[in-house]
Each structure stands twice: as structure tokens, then as C-alpha cells.
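Subject: Structure handover

Hello,

Here is the structure I promised to pass on. Please open it alongside this email, and my notes follow below.

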Amino acid sequence: MQQFRQYWFFLVLPILIGTVIFTTQFKTDISTFFIAGNNAQEVLLANEIQSGVLSKRYILAIGSEKNSPSAALISALSYEFKAINSVHDVWKADEKRGALEAITTLYAGQGANLYSRNPERDLPKLLTAEGLAARAKALKTALLSPQGEMIKKIAATDPLLLSLNGLAETSGKLLNPPKSAAHYQNLILETKMSGMDVAAQVQIQEQIHTIFAHQKSKFSEEVELEMTGVPVFAAVTQNRMQNEITYISILSSLALCGLFFWIFKSLRVLFWVASLLVTVVCSAVIVTNLLFGFVHGMTLAIGTTLIGICIDYPIHALVHGHAAATEQRFAVVAKIWPSMLLGGATTLIGYLALGLSGYPGFQQVAVYAGVGILTALLLTRYVLPRLMTGAIVSSSGASPVTAWLEFCQKFRPQLLTGIAVLTVMAVLSLNSLNWMQDLQELTPEMNELKANDAKIRSRMISLEPGRFVLVSGDTLEQALQQAESVYQTLDKLKTAGDLSDYFGVYPWLLSQQQQQKNAQLLHAALTTEKQQLWQESLTAQGLSVEHLGALNYATEPPLSLEQVLATPIAHLLDNQIIKSGKQTLLIIWLAEHKSAALEAAFAGNSHVQYVSQRDMLNKMAMDYQGKAESMLLLGMLAMLLLLTVRYQDLWKALETLAPAFLSAVAILSLCSVFGVAISFLHLVGFLLIVSICVDYGIFYQENRGGDLRLTYQAMAASMLTSALAFGCLIVADTTVLKILAQVVASGVLLGFLLCPIIIDKHKVEG
Amino acid sequence: MIHKTHLFLALALLPSLASAEDTLKSVLSRMKATEATAIAYKEKRTLKMLTQDWHGTGTLYAAPPHTMLKEQRSPEVEIMALEGKQAHYYQQNNDQRYQTELDENELHVVAFNELMNDDLATLQKLYDISFATPAGHWVLTLVAKNKTPENAKQPAKIIMQGLTDQTANNVVVIQADGDKSEFTLSSATKGVAAQNSIDKLLKQIKG
């Protein structure tokens, strides 16, 4: 029975692991972890980035510097790509035929509705003797041009070619690719699922490469495939992160096992602690899954790292317990338990602060880590003592640790003075702290991918991806009306040289209001006198009055978005109109422009916003950063309050918190001195430093074991495991992980070293 | 779209082989492109929407395997080219250039490519072909098989003719709506000079 009580835990463990494996829903969509938004527009836009049309598309560039792909190869590739199971559609980026056909069929009858954004200005210019003469000349030129067949069809019902008015500029863009595209053909591939569904997208990418290799060989052409798009970035980011986490997890596990073995010289102890940690992780996964319905991959990665702090509790229990007889170990753990509980409580406060910082994903991390902490505490208190049988050795660098302790005790006043001076200097240096303004600096490892993306897009069209004017309205009609006033502003900016070009939804669509107005004004203006002038112009050009002289523009119902989306024009527009139940957003893409001019032009307009996606994400990060700063400070205040209540002594509470606080300030100061830009990630690191080092302060202050040397040795073991676990992240390529490694590893070491200096204890006993 | 008639003309330029009496086969084999060729032309277009015929002049070029050009010099300078499926256009007056891809539904141009490569089988799929040899002449008539509501009554038609043992000296393309273009062709040059002109024009058209 005694043995059953000892080992029941190992029977429960496989059940927990099985529950995790078979019941947990895992998610890997990284955008849901970071992107949310503070207002309805940002939320809608964030949703669009995560799962909208744009997120589902690839740009496939086929060609090379010297060789163009043949039409047959492109045709074969398009056919094969479309046949991929999860692919919705494939089309050429410069698809013209469909658009030109739509002009002939749908738009030819809409001339009276769509001819102008400003009919009061344009009609009087057109319906003069000179205007009509010029139009007749243009008609003749068009009839004799290579597009003559198409013009004939349009002119039969629209002799003034009003339906082509708005298309004059667009036709140039439709028919002329950038010169740099000389040897490349671009295909757009749209998948059925979100680009952030990395697992599915990776499969599609593999199939694309396989198909390309096969067709390239079949056609024997010296061309290459380049690929870009949201799914490419998502897949690379996630795969990189997964590979690194796997590699680092193995490395840190081996390092920690080695350290553990060095400290305790026992595989048995290693097995106990490993089992406890596995149980902690399984419990955290199960509870998180129950509460959220899923566990995110990032939660596992970050949360498990945070849970790693829990190893401190069994370490303290083992170090204090090794000196006691087996039957007394339960009592020894019970004695130090209040310190562990208090340490756990302060750590929980820190994680709660993280959860309230605003990033959607960190809320789950906070729950995950919080459950882990509680489980670790309970296991250390009630399970580990039953497992601690037999002799336990402990040597956490006993001599150097004790030597430092004694040194600090001996020279405490001098060391305190030095710390005070350094603290003042550190605080002063914070004036020159550099806050990171551009999140791009967090991902320099992605620069190659970004450059590739820019290169591919520059061959297509000159718009700046990620920078646009966002127009909002409660309905599509409202949004279109807003957009029509925006076009006027953009035209002025073009004239002023602040904008080279823009791409709205006109000439493909106007608001119903504008279309009706266009038709009304046109019908009113086409008087008998104007018809006569037109016929005279036709005669002068040698054009047939019989076929072209009647200006009978029938009243057509305004063109609707649904009609447009039923034509190939949909490919041009579907990434510019975002509709939800409550509002509609229109995106007007911009070519090269001056950001400041655009911002100023639309400042104060609640329905129109100049958006830089990069700036928007940075602003979101700044918002979260601000919240994280507040939460960090509030968290520390809450810890101070808890300690004050616990100790009934504010000074003692401050003393306990001081090593953690000073350690964070010192790291912050070093960043300032060395010009390192601080981001929210650093704040997460400082939160970890404070959470871990507060535990050190509590254990040292309370010294419940009665033997300060032993307590400090236990703290040393804890510090070494934390420093090693985070230190292993330094080998990562990902900048994010490197930052955490540098900040946390150095912070916990400093916090550990500061405890005997800051916290006044009696002379070392033992 | 590049006017199909213009490109079709290039086929008419191709070198002739002497034979006592022309047959469809011999005429088609003459049309097969073997080297770069240039020929002067005069064009007359009759459109319902024009009250008078339109006239133009220029030079047509063809180079195997899939390159055809039309350089119009009057009334305005315009260049049209077809390289495989890629069509280019340049108008000198307003310095306007564009390119587009050949519509495969444009049966005539597809057919012209097949003629240039002596692909009778594909030609027969697209056209009803008739060939006649009235005294001293040959006449090749192609009538489009692809019936649409627009051309059901009067399908599009191409009529090429020339003197026996000679290349075509006249081509008429009649659209389904009755509009037509008539080309009168004259002397041809071929070889390096023609190729050089083609290269220069392609450079000009692409900018």
C-alpha cells in the first residue's frame, strides 16, 4: 500500500499523456496569436489579412533573366496547378482577354452610367463642336486599330464610346506590363484555405514545385519558378520557428539533464523531476484546451519555457531534502512550502500581467503557464516527497556559491554603496533608452524573403503593397460614395507630384447615386442640337451617320457589384472590397507616393484613412507595448502589496523585491548604453526576470530551511537551470529568441547575485 | 487584337517553287516559311461604319517559325507584330505601345500560324477549304467553320489568289458582318536584309 501511494503518480502519467495526444486541438495560425486590432476597421482588416482573399494568393513568377517561358509551358502549368486539390483558381497576372471581353459585353451597355466621376465637368467639354469632332476622330482611329472588332461592337450601341471613358488610363495598365517583366510570366494562384493554414499551404507549395519541375523538364525550357505571397511567409516563419524550437528543445533538454545530473548525480532524481515536468505540461495543455477549445503552437513554445521556472520548486525540495532522512523529507518540504507558495503567487501575478497586455495569444500563454505553476507547486508539495526515497546527493557548485555568499556578507556595506551608485547611473542612462519603432527589426532573418517578394512584385505593377487608402462605409453604397470623393483628392495629389498613381474600383464600378446622376445628366444634355453636331462630326471624318449617328442611350439599371464579380474583372476587384455585416471597406492601392502628404490629405476624416500595414502593425505593437509596460509596473506593485501583506513590513517587502527590480533595471540600462532598441519582447523578458528573481528574494528572505547556505545552494541550482534553459535560445537564428536568451539569462544571474547583497540576513550559519 | 488580316498576309510572301500547274498542296508548301521575307502592300478597307474606303500602305514581314510583322507607313506610322502568341502594337503619332496575348478564339490568326508551318490538318479543322485554278491563276478560299450567332448567316472568309507558280498577289479578308480588307501585294525581298528590318522593327515596337 505504501509503495502504491508512492508510485500511483506514475500510473496517472501515461493517462495524462494519452489525453493530451488524443483530445487536444492544436492550432498553428501565427496571425491569430499576434493580430487583433483596437477598432472595428483594424479588426476587419486583421481578419482579412488572416483569412481573406489576399492571404490565400501566391504570385508565381516563371522565367529567368534571359529566357521567357513559352505560352505552352504557362498553359500546361496553369492547367496542372488548377488541378491541385486545394487550389481554387489560377490565372495570369496580366490577364487581359477576359477583362476586354467584359468591356465588350457588360460595360458597353453601361456607357451612360459609368462615363465619368464628374459629369458636370466632363459633359460640357465633350458635347461641344470641338469635343464631338475630337471624339469622332478618336472613334475612327479606334475602328481602324487592332482593337477594331471590339470597337465595332461597342460603337453599335455606344457611338460616343462613353463606356471607354474611364478605361482610357486603365487600358494602358492592362495592356502594358512593366519593362522589368520582359522575361517573366506571372501566375496568381488562389487557394481554398487561409494562407495562415501552414500545414495545408506547405503541401500545396510542395505540389507546385513538383509540377513545375516535371513540366520544365517536359518542355526543356531554361526557366525558374519564384514564389511569393502571404502563405510563403507564413510557412517559412512557422517552419523556421518549429525547427528552431525542436533543435533548441533537444539542446536545452540535454543541457538541463546534464546539469541536473551534475548537481544531483542521480538518474533517479532526474527521472522524478522529468516526470513532474511532463505532468505539469500535460495538465497545462489539458486545461488550456478545455478553456479555449484549442492550444496554439506558440502557447506550447512560450508557455512551456515559462513553465520551466517550475523546476525551481522541486530543486528547492531536493536540495533541502537531501540533507534529511527519508522519513523527514515530507516535513522538510512542508516547512519550505510557504516560501514556494508565495514565490508561485508572485510568479502568477507576473503571468497575469502578461495575459492582460493585450496580445490575443498571450492570454492563452498566461492561462497555460498559470496552470503549470499551480500544478508544479502541488506536485512538489504532495507528490515529490513520496518519491524522494533513498540517498540524494546535492552539489550545486557548493564552494563558489558559498564563497560568494560569505563575501557578500563580509563586504555588504561596500557592495551596497557600489550598487547604489550603479543604480543611480543606470536610472540616468534610461533617458537615452531607444524604443523600437519598426517591428521589421525583429525579423532581419526574413530580409531575403522580403527582398524576393519586392523583386517579384516590381515585375508586375508599380503599386506599393501594404500601403493604401482605406475607405469605410456602413454599406457598399456609402463606401463607394466616399471613394468617389477620395479619387478627387488623390487626383490633386497626383497633380502636386505627391502620388504617381492609384488604383481604385473606378472605372469598374461607381456608386448607384453617381451612376444615376451620370445617366440623368447625359439624357438631358443630348439635345437635338447636340445630335446634329455629332452627325456633322461623323461626316467630316467619313464615318457613317446611318450606323453611328443616333445617340440613343437607353436607360440601364445601375451596374451592381454582383454583376461585376460575375466577370473576369472580379480578379481585379475582389481584393479591394471587404464586406462584413456591419460595414464595407474599400481599398485604394497606391503607387509610389509621399506618406506624409497622404496622411495630411485625409487627416480628420473618420471614413478615410491612409494605411501603411507596416505602420499599422507597429502601432498595434506600440499599443501592446504601452499596455505591457503598464501591466509590468502594476504587476510589480501587486507583488509588493502581496509581500507587504505577507511580511507585515513594507521595508522587508521592498528588500525582497529589490534584487528582481534592480536586475531588470540593470539589463534595461545595459540596453540603453549599448544602443539596443527595446521592444515589447524585451518587456516580456523583464517580466520573466522579475517573476523568477522575486522567487529568489523570497527564498533568501524567508530561509525556511534554517540553513542559509543550503537555501542559497538551492537558489544556485534554480538559477543555473533557468539561465541554461534560456541561454540555449542564444543559438537560435530567430532574433526574437535571441533577445529572450540575452535578457532573461543575464537577468536571472544578476538577480541571484544581488540577493545576498540587498537582503540583510544574519551571518551565514552552517 | 492584332488585325488578323495583316498577319495572314505574311504567309502570302513566302517563296514559290516552280511547278507546271498549281495544286493546293503545292501552294501550301510554298507558304511554308523558310527564311525572312518582306513584301510591299497596299491596303483597302471597306467598313460599314466608314462612308468611304480607307487606304493604307506599308510592308509586311514574316520570319520562321512564328514571327509576323506589319509596318504601316501611311496614313500614319503603326507597327504590329506577332511573336508566337504574343502580340505587340506601336503607334508613332502618340507614341503608344501595348502588348497582349493572342486570343486562341481568333481562328484566323491561329490558322495563319498553321499555314506558316504547313499544317493542313489543323487548317482543315478550322476552315472549309476550297481551291481553284482558273486560267493563269490559283484561288484559295477559306471559310470559317466555327459558327457563332454573329456569323451564322455569313461566316468569315479569306480569299487568296495569285498567278500560277507565283506567290499571292491579292488577299481579301471578309468579316462575318461584311466588312472587308483587301491587300494588293507586290515585290518581295528575302534573306538577311528582311531579317535586319524585322529585328529593327521589333526593337522599335518594344521600346
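Over residues 1-20 of chain B, pLDDT stays under 50. The model still gives that stretch 85 contacts beyond four places in sequence. Where pLDDT is low, the predicted coordinates should not be read in detail. Chain B as a whole has a mean pLDDT of 78, and 76% of its residues reach 70 or more. The model scores are ipTM 0.85 and pTM 0.69.

Now the cores. The largest nonpolar core holds 110 residues. Phe260(A), Leu318(A), Phe686(A) and Tyr696(A) have the most contacts inside it. Helix α31 (residues 680-702) of chain A contributes the most to this core, with 16 residues. Take Phe686(A): leaving aside neighbours within four places in sequence, it touches Leu632(A), Ala664(A), Ile667(A), Leu668(A) and Val743(A). A second, separate core has 72 residues. Its members include Ile103(A), Leu126(A) and Val608(A), and also Leu50(B).

Next, helix α11 (residues 198-219) of chain A. It has 22 residues and reaches 31 Å from first C-alpha to last, close to the expected 32 Å. Which of its residues are buried? They are Val198(A), Ala200(A), Gln201(A), Ile204(A), Gln205(A), Ile208(A), Ile211(A), Phe212(A) and Gln215(A). Seen down the axis of α11(A), the buried residues fall within an arc of 145°, so they line one face of the helix. They pack against several elements of chain A, including β2 (57-63), α4 (71-82) and α12 (230-264). The face turned away from the buried side carries exposed residues: Ala199(A), Gln203(A), Glu206(A), Thr210(A) and Ser217(A).

Some backbone details are worth a look. Just after α11(A) comes Ser220(A), with a positive phi of about 50°. Ser220(A) is not a glycine. This residue sits in the loop between α11 and β5 of chain A. Is Ser220(A) buried or exposed? Ser220(A) counts as exposed because its relative accessible area is 62%, and the cut-off is over 50%. Asn703(A) also has a positive phi, near 40°. Its place is in the loop between α31 and α32 (708-727) of chain A. Asn703(A) is buried, because its relative accessible area of 12% is under 20%.

There are cis peptide bonds to check too. One runs from Tyr506(A) to Pro507(A), with omega near 15°. Pro507(A) lies in the loop between β9 (502-503) and α23 (512-525) of chain A. In chain B, a cis bond joins Ser74(B) and Pro75(B), with omega about 5°. Pro75(B) lies in the loop between β3 (67-74) and β4 (78-83) of chain B.

Last, two single residues. His593(A) is in the loop between β11 (584-590) and α28 (595-602) of chain A. His593(A) counts as buried, at 12% relative accessibility. Its side chain makes a polar contact with the side chain of Tyr610(A), at 2.7 Å. A polar atom of the His593(A) side chain also lies 2.8 Å from the backbone oxygen of Ala591(A). Glu406(A), in helix α19 (residues 398-410) of chain A, is partly exposed at 40%. Glu406(A) and Pro756(A) are 350 residues apart in sequence, yet their C-alpha atoms are 8.8 Å apart.

Best wishes

Conventions. Residues are numbered from 1 along each chain as its sequence is written. Chains are lettered from A and ligands numbered from 1 in the order in which they are written. This is a predicted model: local features need pLDDT of at least 70, side-chain atom pairs count only at pLDDT 80 or more; totals for chains, interfaces and linings use all residues. Side-chain values use heavy atoms; hydrogens and water are left out. pLDDT is the predictor's confidence in each residue, from 0 to 100. Contact means heavy atoms within 4.5 Å. A nonpolar core is a set of buried Ala, Val, Leu, Ile, Met, Phe, Trp, Tyr and Cys residues joined through side-chain atoms within 4.5 Å. Buried means under 20% relative accessible area, exposed over 50%, partly exposed in between (1.4 Å probe, protein chains only). Helices (H or I, at least four residues) and strands (E, at least two) are DSSP runs, numbered from the N terminus. A polar contact is a pair of N or O atoms within 3.5 Å; within protein, one must be able to donate a hydrogen and the other to accept it, and residues adjacent in sequence count only if both atoms are side-chain atoms. The expected span of a helix is 1.5 Å times one less than its number of residues. The arc is that of the directions from the helix axis to the C-beta atoms.
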